Every structure is written in structure tokens, then in C-alpha cells.
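Subject: Structure for you to look at

Dear colleague,

I am passing on the structure we spoke about, and my notes on it follow below. Please keep the sequence and the 3D view open while you read them.

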Amino acid sequence: RTLGAIAITGALDLNAAITNASSLSVSTTSDLGANVTTSGTQTYTGAVTLGSDITLTTSAASTSGDITFSSTVEGVSSPSSSYSLTATTAADAHTIFNGTVGNTNPLKSLSVSAGLTTLNTDTVKTIGTQTYTGAVTVGANLTLTASSITTGSTIAAGAHNLTLVTDALALGGNVSGGAGTLTIAPKSAA
């Protein structure tokens, strides 16, 4: 049974999983303490805080299955209890980050599985790994900080600077760009 479209005008404090919804949109902040599965889009307009390890899943193709974060995504203030975020979409759908990720409170890890990733932000920080299975598009000068960074496809940085701060790097495709610079630095020295 499908729940249909869920539109929340206000804040979301999610403590039980959402499954079989056609879409989810939240107009302000989201405190995610459980997984979300939809056939269509998921849109988080306000700041997102992870309250546990979270998996967000969409199944629709192209933009109909996009997961969009319009603001920040943060872990919790104690690194020893930080949480992971996994976003899983169809191969041609996008996970879009328009705000910083883990800038104040780094996530334990970040995994974007199957689909494409758009990073329109300047900071993505995790204590552990960052994994991007599909192609990555960089929309701003960006620093990725993680214990290890793995890509399964290309990174298109355009005219933007890209800095990778990590102790282990596995690139599954070319890194391309125009006027921007690529900098790789060890995390252990950061």
C-alpha cells in the first residue's frame, strides 16, 4: 500500500521509518531518527540533523527520484556518537546538497549510492568515509574532508576549486575542470 505524497509544512521530528510514500517534502527543519523510502522525490528545505544512522531511498528515474537538501546537514555534537547518511537513488536521479554537510558536527560517513551527486556547497566533512558511486558535479569551490574518499565515476569541477583532505583516495573516473585548482592534502595533518 502506498502512502501517497507527504508534505510537511513545518518541522519534521522523525522517529519511525517512512516507507512506501510517493514523495516527501519538509518546509523547515528535519530531525531524522529513522529511514525514509519513497518512489519519488525527497525535499528537505530546512536544516537536517541526523539522530541515528539514516538511509534515504528513492526509486523513480531522473529528476522524479531526486533527493534535495536545500540547507545544512549535520551530525550530533559528540563525535563518538556521530551518525552516517546513505542516499540511494536510481542511476539517473540526483542527490543534491545545497548547504554544508557536517561543517559544525561532522557525519560519521556519507554514501551516495547508485545515482548522481551535485555538491553546491563549500564543505562536506565526515569522520569516516565518503563514497560517491555515480558521477559528481561540483557547483562551488569545495573541500571534501574524510578518512577516505571513493568515487565510482567522474568528478566535474567546472571552474571551481576542489580540495580533497583525506588519507586514502580512490578515484573511479577522471577529475575535470576549467580554471579551478585541484588540491589533495592528508587528513592526518588537518
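A60 lies in the loop between β8 (54-58) and β9 (67-69), where strands are DSSP runs (E, at least two residues), numbered from the N terminus. Leaving aside its neighbours within four places in sequence, A60 is in contact (heavy atoms within 4.5 Å) with S39, G40, G65, A90 and A93. The C-alpha atoms of A60 and K187, which are 127 residues apart along the chain, are separated by 36 Å.

Please bear in mind that this is a predicted model, in which local features need pLDDT of at least 70 and side-chain atom pairs count only at pLDDT 80 or more, whereas totals for chains, interfaces and linings use all residues. Residues are numbered from 1 along each chain as its sequence is written, and side-chain values use heavy atoms, with hydrogens and water left out.

Turning to the strands, there is an open sheet of four, in the order β15-β18-β21-β24, with parallel pairing, where two strands pair if DSSP finds at least two bridges between them. Because β15 (123-125) and β24 stand at the edges, each with a single partner strand, one side of each is left without a neighbour in the sheet.

Within this sheet, β18 (residues 142-145) pairs with β21 (residues 162-165) in the parallel sense over four bridges, and L144 stands opposite L164 in β21. β21 also pairs with β24 (residues 182-185), again in the parallel sense and over four bridges; here L162 stands opposite L182, while V165 has A185 as its bridge partner in β24.
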